Amino acid sequence: MLLPAVLGLTALLAVVAPLLGHRLGRDAGWLIAAGLLALGLWLGLAAPREGLTYELPWIPALDVGLRLRLDGLSLVFALLVTIIGAAVMAYSARYLSKKAHSGFYGLMTLFAAAMLLLVTADDVVVLFVAWEATTFCSFFLITRSGAPAHKPAVRVLLVTATGGLALLAAVVTMSVRTGTTQLSAIVADDAWRTDPGFATVVAVLLAVAAFTKSAQFPFHSWLPDAMAASTPVSAYLHAAAMVKAGIYLLLRFSPAMSGVPAWHLLLIGLGITTALIGSLFALQRTDLKALLAYSTVSQLGFLVATIGVGTEHALTAAVVHTVAHALFKSALFMVVGVIDHQAGSRDIRDLSGLRHYLPVTTTVVVLGAASMAGVPPLLGFVSKESMFAAFLEAPGPAWTGPVLGALGVLAAVLTFAYCGRMVVGAFFGPPMRTTWHHDVHTDDEDASGHGEEGEAHTHPGGPAPASPAFLAPPLLPAVAGLGLGLAPFLLDDLVGRGASGAHGAEVDVHLELWHGVNPELFMSAAVIVLGAVLVAARDRVDRLLDRPLLPYTGVGAVEGFREGAISLGARVGGLTGSSAPARHLAAPLVLLLVLTAVALPGLGGLPPVVGDLDAGTDWVLLGIVALGVLAAVVVRSRIGALSVVGTTGFGVALWFVALGAADVALTQLLVEILTVVAGVLVLRRLPAAFGKVRRARAAGSAVLAIASGAAATVGVLALTGRRGLSAAGEWYLREGETETGGTNVVNTILVDFRALDTLGELTVLGLAGVAILVALQARRALPEGEPGLAVGARSPLLGADDNAAPLRVLTRAVGPVMIVTSLWFLLRGHNAPGGGFISALVGGAGFALVYLASSTDRGARVKWPYLALIGGGVLVGTATGLAGLADGSFLRPLHAYVLGYHFTTALVFDLGVYLAVVGVVLVALNRLGGVVPEDAVPGAGSPTPGTPDRAGDPPDPAEPAAGTGHRAPAHAARAPEEVP
């Protein structure tokens, strides 16, 4: 249970982190760091060498489960996630300002949990879910940096989400081809060797997914663009953790791809290209953070190319460099934040001689940069030599190894050059003889920019040293890179286990600082010598590179795609961007005609209509529906049209009753009632009559309507009677009661067999209610429409309070009965017509009756928290689904007997439907039906002080006196500042 325990505790830490950040402010970082460090050490010390597995069924029908597996490769990445994460969290405790940071710590810890799930997932569906979780955590963390980071965040999301789609396609393809979603079983399947077409397609999809996440050409631009995020985010997500997700994916599938040429070609070719262009772009940058961003791109290119070689030694080198890169890059990113805080700038041109003022900071930068440049005795030297050796044994023609090795040396020379430029330019130049003031300089909304303690400091001659608490987090990984470089054998076991997982067979690893005189030693020497020459000639190099190398940029390409997509969407939306119903109806009606004309000849004629029309019932109902349709076409009054359309609906409901579909009939009847009520409320804001239509247009509309109706009729006749009840329908009728204990097959299908569909529809319904609320909250009510009926000044129809008296009396008698009836329908739904939706519609009709019985808008308000009802309904439905996991599957109903009554959780699910539907009905009645109080809080449903609670309460000042017959103007009840 080690794996689920560690993942569960990490998830718990992600839940608690926002509370800690809110309560403790930036100091919450210490506690979160301690938690991640403890989890990492527990995992590293307790994990057995043979690995761990765990499985919990999730979607058994699709063979999807929460499968976890901790082998050597997973362990390497899990330790990076937790230990580097702990260092960054401790660093954040002094980098951030002293305000609350619940959002920052919550998202960072959630990212750690998602990343930990990703590297331990043994199910490709779970891996995909975790993959996308890291993408969205990254997006939200970048957007927290303020308005300037919003566009970069969107661009990052576009690129990485594209990779997510590629991974999804690979997941589906692999699952279908191999017949399982278990990752380890997929990797071991024979299809990779026996089906080269399948292997090539999946190789390309996985490579695209990994390239987008690990910033490989041509997707490299997102990582420097993401530097709009704060330094801790960059240090963790975009240098040491998130970008490693792509590296992990490539290493995980390396055993399966060992014989796929497209895999090696893509990884080696684009990997070494990325290493070259990343190092060249880094050499152009003067901002230290931007320089490190491009250096990350370059180092990831080295890793991808090494993985592409695919040999045992290459995969070992990739694992070693993964560890080395996480150490030196996290240290460098964090120390750049220290420099920014203490010196007030990250620009090399503004920095010089910092070693005189920031000795510990200088030590960290020198150690980190030397490791990245491959200088002995740092761990980066060990890993870089291992990669050089791997390049020389690249598969392919004899010239492949030497050419790849030469390109690797060139990229490494450029790496040495920008590392030396960073160290010499900022730290070993002449000391600055000026007064340094730590101005407000933030790279996100969290950074204080006033030194490590959030206060401004002035120090003659240079910046003041940072506090030990601020320097310790970057110092530790930098020193670890030195220690592990001097004693690399300490990593033998960990790297050996990781390489074994990547290679698919046992790998014996013996890391050494000195490998003797060999080709890679000469390659390293050439890198150091040539790199030193470039550092010495850095002024000339700067002048040479001080210009755009290409006429376009990666960021520009992504931004162009984003703007083009928005422009295309606007043009496509403009085709239907009209409030005229005719333009919206024309497309589906014309399409219906086309489909009928194309499909009908291939059906082989129309079958005979099943059954005969009963003259005593069917013809009468058909006549009612036809008369309603005809009246709706010719009537000029909007309220009249709504009435006859409702009559048509009632006729259809009666027809359902005659056909024996009681549940459908009840639903139709109740929906028609509430639709008429809601429609009347909307019509209050519209003119009383329809506008005049030209005869030519009316004739064209009539032809289109008649043709569409005929096509629909023909379609129904063509598709009726061609087959009997489906096998699924027969199974529901035969086994439904045995499986669910319910005899109402309609309800059991909705809440037992297809409850996931119902939960989705419930969620959509809740969102519709929220959309109604937001739309009406965002726009002021229009003035009342013109009166539809001229009433004399002495007419008794003007007495609203008097005219509502009979309805109020009826409501007092019928209202409670309707509520009881709705609950009766809820309880009986499993065995008789009823259920959550029908019962809620009955209750909603009761609320509509209460509304109609009131003589004023404010008196009609039902003061229930409608948003809470909607949200509560969705939560109840979801919680019921989670309870089903106790029996092995989400939304599986649980059965029990309570006092002799057969109880099932399907009833609780129906209760969730009931609450959500009632909430939506109340939203419509309260927000459409009258003036919205100016201090109403969305979702609260609470009354405005002084608002009457029921008919007969003291009238609202904005309302007319009873009997006047005139409503106050629409703006009369608003606050003064809201009056148009």
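In which helix does D492 lie? D492 belongs to helix α20, which spans residues 492-503; helices here are DSSP runs of H or I with at least four residues, and strands are runs of E with at least two, numbered from the N terminus.

The model is predicted, so local features need pLDDT of at least 70 and side-chain atom pairs count only at pLDDT 80 or more, whereas totals for chains, interfaces and linings use all residues. Residues are numbered from 1 along each chain as its sequence is written, and side-chain values use heavy atoms, with hydrogens and water left out.

The protein contains 36 helices and six strands. Of its 980 residues, 49% are buried (under 20% relative accessible area, with a 1.4 Å probe and protein chains only).

D492 counts as buried because its relative accessibility is 17%. Leaving aside residues up to four places away in sequence, D492 touches V509, H510 and L511 (contact means heavy atoms within 4.5 Å). Two distances describe its surroundings:

| Pair | Distance |
|---|---|
| D492 side chain to L511 backbone nitrogen | 2.8 Å |
| D492 C-alpha to V320 C-alpha | 9.6 Å |

Elsewhere, helix α25 (residues 618-634) and helix α26 (residues 638-658) have axes that come within 8 Å and cross at roughly 160°; the axes are lines fitted to C-alpha atoms over the stretch in contact, with angles from 0 to 180 degrees between N-to-C directions. Therefore α25 is roughly antiparallel to α26 (angles over 145 degrees). Residues making this contact include L621 and V625 of α25, together with T648 and W655 of α26.

Technical notes
Buried means under 20% relative accessible area, exposed over 50%, partly exposed in between (1.4 Å probe, protein chains only). A polar contact is a pair of N or O atoms within 3.5 Å; within protein, one must be able to donate a hydrogen and the other to accept it, and residues adjacent in sequence count only if both atoms are side-chain atoms. Angles under 35 degrees count as roughly parallel, over 145 as roughly antiparallel, 65 to 115 as roughly perpendicular and the rest as oblique.
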